[in-house]
Amino acid sequence: MAEHEEKKHEESLMEKIAEKIHGHDSSSSSSSSDSDDDKQSESSIKDKVFRLFGREKPVHHVFGGGKPADILLWRNKKISAGALGVATVIWVLFELLEYHLLTLVCHLLILALALLFLWSNATQFINKSTPHIPEVQIPKEPVLEFALALRFEINRAFAVLRDIALGRDLKMFLSVIAGLWVLSIVGSWCNFLTLFYIVFVVLHTVPVLYEKYEDKVDPFAEKAMHEIKKQYAVFDAKVLSKIPRGPLKQKKKD
């Protein structure tokens, strides 16, 4: 009996020691996991850097992440250079050479039809096969997708204009007025084709340069945004706050 009790006593001591060891391991593992979590949170805070326009995704995802983004960011240099070259040729033809659209289209069709007609008839005399001219058809799905996307953007623009007209957003109202005023000044300097070409060139140069030097541009943009917000706060306190609000905003306050 005494030996049996001693064995039980030894087993209980071993169980207590094992529990203490296990508890120490679990506490150390939890403390290490907590420290790891703290390190991860600190690293995430450090990684959270100011990005232009408050974006959280890469520039490629901001432009949609598809083929248009690849073209604008020069992922495929041949296609991007070709698109920019075609736009430049069109601008030179219509702006510098003062070619008219209808005249250009008619001349191109005359040239293409004459060459194909002569080629098709010449093959009968030189015993060669006639040129293969594929059937061209506009697919239905891309046209519908483009129409739906255009409809969505137009409706969203109408909603924004309605909110501005109802006096719901003074900041947006001032931004739109300033943007339209700038466009009117730019429109007095050049015609629509030149403006479209400038925008096209900017879209093919600024995003790729920003993507390359974003780590240097973002700190300057952060300082500029901070200064703009500071000046806007002063302007709001001295001017905008004294302007009487519309009836919708007064109802919301009541």
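A salt bridge here is a side-chain nitrogen of Lys or Arg within 4 Å of a carboxyl oxygen of Asp or Glu. The model is predicted, so local features need pLDDT of at least 70 and side-chain atom pairs count only at pLDDT 80 or more, while totals for chains, interfaces and linings use all residues. Residues are numbered from 1 along each chain as its sequence is written, and side-chain values use heavy atoms, with hydrogens and water left out.

The protein chain has 10 helices and zero strands, where helices (H or I, at least four residues) and strands (E, at least two) are DSSP runs numbered from the N terminus. Of its 254 residues, 11% are buried; buried means under 20% relative accessible area, exposed means over 50%, and partly exposed lies in between (1.4 Å probe, protein chains only).

Two salt bridges turn up in a search of the whole structure. In one of them, the side chains of Glu211 and Arg75 meet at 2.9 Å, N to O. This pair links distant parts of the chain: Glu211 belongs to helix 8 (residues 192-212), Arg75 to the loop between helix 3 (67-72) and helix 4 (77-96), and 136 residues separate them. Glu211 counts as partly exposed because its relative accessibility is 24%, and Arg75 is partly exposed at 44%.

Glu153 and Arg156 also form a salt bridge, at 2.7 Å, N to O. Both residues lie in helix 6, three residues apart, about one turn of the helix. Glu153 is partly exposed, with a relative accessibility of 39%, and Arg156 is partly exposed at 46%. Side chains of opposite charge can pair when their charged atoms come close.

Helix 6 itself covers residues 140-165, and its 26 residues should span 38 Å at 1.5 Å a residue; the end C-alpha atoms are 37 Å apart, which agrees. The expected span is 1.5 Å times one less than the number of residues. Just after helix 6, Gly167 takes a positive phi of about 75°.

Another glycine, Gly82, is placed in helix 4. Gly82 is partly exposed, as its relative accessible area is 33%. Between Gly82 and Ile71 there are 9.8 Å from C-alpha to C-alpha, with the two 11 residues apart in sequence.

In an unreviewed entry, UniProt lists residues 79-94, 100-119 and 172-203 under "transmembrane region". UniProt positions are given in the numbering used here, feature names are shortened, and annotations may be inferred rather than shown by experiment. In the model, residues 79-94 are 100% helix and 0% strand, with end C-alpha atoms 23 Å apart. Residues 172-203 are 94% helix and 0% strand, and their end C-alpha atoms are 24 Å apart.

The second largest pocket holds about 200 Å³ of space. On a 1 Å grid over the protein atoms alone, a pocket is an open set of points where a 1.4 Å probe fits, with protein on both sides within 12 Å along at least five of seven lines; lining residues have an atom within 4 Å of a point. Grid points are joined across faces, edges and corners, and a volume is the space filled by probe spheres set on the points. The lining consists of Lys171, Leu174, Ser175, Met225, Ile228, Lys229 and Tyr232. Helix 7 (170-189) and helix 9 (214-238) each supply at least two of its residues, and helix 9 gives the most, with four.
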